[in-house]
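Here are my notes on the model, point by point. Please keep the structure open while you read.

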Amino acid sequence: MTNVQKGAIPTTTDETPSVPGWVEPALDDILATLPIEREKLAPLRASYLDCLAGCGRAEDLDMEHDACRKGLLRALTDTLDLAPAAARTLEQQLEKLELDISAQV
């Protein structure tokens with residue numbers, strides 16, 4: 001396991017997808033605000049990062065990022081009972097993260 005900051009979701013270097021280096025800490029900061037155990041968030045975090053890493057062509061980024069975000073939000077609200085207000089806030093934070101990623105591609 002990699003070194004993990006207090007409150008960050010643990011990751012393994014073997015499974016870490018290829019995204020800009022600043023994306024994972026930014027995502028960890030966003031997810032750390034949720035009232036959900038890190039262990040429950042870890043597979044959702046990994047799935048979201050895999051989806052972001054799979055966005056290859058610049059013209060597909062917006063659509064694919066939207067699909068990643070919607071999938072993560074659906075899993076959080078359905079599986080982990082994330083409140084609607086928290087889901088809206090999370091969606092806004094993820095949209096900003098995705099815009100920042102798109103701006104660098």
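1. Along the sequence, the protein chain reads α-α-α-α. That is 4 helices and 0 strands. Helices (H or I, at least four residues) and strands (E, at least two) are DSSP runs, numbered from the N terminus.

2. A word on the source. The model is predicted, so local features need pLDDT of at least 70 and side-chain atom pairs count only at pLDDT 80 or more, while totals for chains, interfaces and linings use all residues. Residues are numbered from 1 along each chain as its sequence is written, and side-chain values use heavy atoms, with hydrogens and water left out.

3. The protein chain has 105 residues, and 36% of them count as buried. Buried means under 20% relative accessible area, exposed over 50%, and partly exposed in between (1.4 Å probe, protein chains only). Take the contacts in the chain with a separation of 6 or more: 62% of them join residues 24 or more positions apart. Contact means heavy atoms within 4.5 Å.

4. Helix α2 covers residues 38-53, 16 residues in total. From first C-alpha to last it reaches 21 Å, close to the 22 Å expected at 1.5 Å a residue. The expected span is 1.5 Å times one less than the number of residues. Which residues of α2 are buried? They are Leu41, Leu44, Arg45, Tyr48, Leu49 and Leu52.

5. Next, the packing of two helices. Helix α1 (residues 23-32) and α2 pack at an angle of about 140°, with their axes 12 Å apart. That angle makes α1 oblique to α2. Axes are lines fitted to C-alpha atoms, for helices over the stretch in contact, and angles run from 0 to 180 degrees between N-to-C directions. Under 35 degrees counts as roughly parallel, over 145 as roughly antiparallel, 65 to 115 as roughly perpendicular, and the rest as oblique.

6. The crossing of α1 past α2 is right-handed. The near helix is turned clockwise from the far one in a right-handed crossing, and anticlockwise by less than a right angle in a left-handed one. From α1, the contact uses Val23, Glu24, Leu27, Asp28 and Leu31. From α2, it uses Leu41, Arg45, Tyr48, Leu49 and Leu52. By class, this contact of α1 with α2 has 7 nonpolar, no polar and 3 charged residues. Ala, Val, Leu, Ile, Met, Phe, Trp, Tyr, Cys and Pro count as nonpolar, Asp, Glu, Lys and Arg as charged, and the others, Gly among them, as polar.

7. Look at Tyr48 in α2. Tyr48 is buried, at 2% relative accessibility. Not counting residues up to four places away in sequence, Tyr48 touches Leu27, Cys68, Arg69, Leu72, Leu94, Leu97 and Glu98. Tyr48 and Cys68 are 20 residues apart along the chain, yet their C-alpha atoms are separated by 5.8 Å.

8. Is Arg69 buried or exposed? Arg69, in helix α3 (residues 61-79), is buried, with a relative accessible area of 6%. Leaving aside neighbours within four places in sequence, Arg69 is in contact with Tyr48, Glu91, Leu94, Glu95 and Glu98.

9. Gln92 sits in helix α4 (residues 84-104). Gln92 is exposed, with a relative accessible area of 54%. Gln92 and Arg69 are 23 residues apart in sequence and 9.8 Å apart in space, C-alpha to C-alpha.

10. Last, Ala53, also placed in α2. Ala53 is partly exposed, at 29% relative accessibility.
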